Amino acid sequence: MREATAIAHPNIALVKYWGKRDLRLNLPAVPSLSLTLGGYRTRTTVTWGTSRDEIVLNGLMGDDPKVRRVLDLVAPGRPGVRVESDNDFPTGAGLASSASGFAALVVAAAAAAGRALSVDALSALARRGSGSACRSLFGGFVQWPLGTEPDGSDSVGVPIAPADHWDVRLLVAVVSEARKDVGSTEGMTRSQETSPYWPTWVAMGPGLVDRAREAVLARDLAALGEAMETSTFAMHATMHTAVPPLLYWQPATVAALHAVFALRRDGVAAYATMDAGPQVKVLCAAADAERVRAALVPHVLRVDVHAPGGPARLVP
């Protein structure tokens, strides 16, 4: 038996991924751009060559067809595999645990299987488990293009700036640690099939990514923040107008958003983004992080402050 352990960090989409044009290959309906977090992490150990598959997440034995599928893609005709994975942050709560989870899985599984795969190949494999996982193979700011190849081989994460490119912070205001009632894939499908705003959302995507990429390269926080918030609220508009509606927000979510808007009125460049969940993430300059944290704390369970993070990697 061979064993390998990898660590990966979740990434937060600043310009959002929401919707699939190919469910089987997890190909996105819109391009996206993200920031990998430097704090939260998934640690995954893969033991290759066991008598049967075993999947342990956060200490609990379970089964996940997506994990098995990705393992089959890493090495067709594989033997039994044991996967032990844990997160040091809430799982399934809108904090991108699937992104870090599948990024760590493919890195550890490829090493345990003795396969020397390129980072692009690993990114494509991670995408098959969770679309946004293709971005967590990389650190810093990462773009996920639509790609043009029918097999999805070029729809992978593309790094555009490393973690040390810009001294910013992304604060995560945790509203709830509970699993969300409607998972992202189901939510995407419902939005795509029933929201009247869906065509507009898809049409906006490429332009928003272009604006965000230029802002990152220029270190223009106001321009990036405007693109971020436009993307976030447009995405949630498709959720709110789905049938039945998808409302991940909670009262504390709205309170945190208003706190961000109040900070800007007071001259602090702070900008909000949200995923499919109640948590609010806030981008700001490192020098403003403590003031932003203090403004959010009264409204939420806790606030975690993250510098930009590094790529997925093997560890001893």
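A residue is called buried when its relative accessible area is under 20%, exposed when over 50%, and partly exposed in between, using a 1.4 Å probe and protein chains only. Helices (H or I, at least four residues) and strands (E, at least two) are DSSP runs, numbered from the N terminus.

The model is predicted: local features need pLDDT of at least 70 and side-chain atom pairs count only at pLDDT 80 or more, whereas totals for chains, interfaces and linings use all residues. Residues are numbered from 1 along each chain as its sequence is written, and side-chain values use heavy atoms, with hydrogens and water left out.

Strand E10 (residues 141–144) is covered on both faces. Phe141 and Gln143 are buried on one side, and Val142 and Trp144 are buried on the other. Two strands pair if DSSP finds at least two bridges between them.

| Strands | Bridges | Direction |
|---|---|---|
| E5 (residues 32–36) and E10 | 4 bridges | antiparallel |
| E10 and E11 (residues 158–161) | 3 bridges | antiparallel |
| E1 (residues 2–8) and E16 | 3 bridges | antiparallel |

Within E10, Trp144 is the bridge partner of Ser32, and Phe141 stands opposite Ala161 in E11.

**The open sheet and its helices**

An open sheet of 6 strands has the order E8-E7-E9-E6-E1-E16, with mixed pairing. Its edge strands, E8 (60–62) and E16 (313–315), each pair on one side only. On average, neighbouring strands of this sheet are turned by 25° against each other, direction ignored.

Angles run from 0 to 180 degrees between N-to-C directions, with axes fitted as lines to C-alpha atoms, for helices over the stretch in contact; contact means heavy atoms within 4.5 Å. Helix H1 (residues 65–74) lies across strands E6 (42–50), E7 (54–57) and E9 (80–87), and runs at about 125° to E9. Helix H2 (residues 97–113) packs on the sheet and touches E1, E6, E9 and E16, its direction making about 35° with that of E6.

**His306**

His306 is located in strand E15 (residues 302–306). Why does His306 count as buried? His306 is buried because its relative accessible area is 3%. Leaving aside residues up to four places away in sequence, His306 touches several residues, among them Leu37, Tyr40, Val168 and Arg169. The side chain of His306 also reaches the backbone nitrogen of Gly39 at 3.1 Å.

Methods
A polar contact is a pair of N or O atoms within 3.5 Å; within protein, one must be able to donate a hydrogen and the other to accept it, and residues adjacent in sequence count only if both atoms are side-chain atoms.
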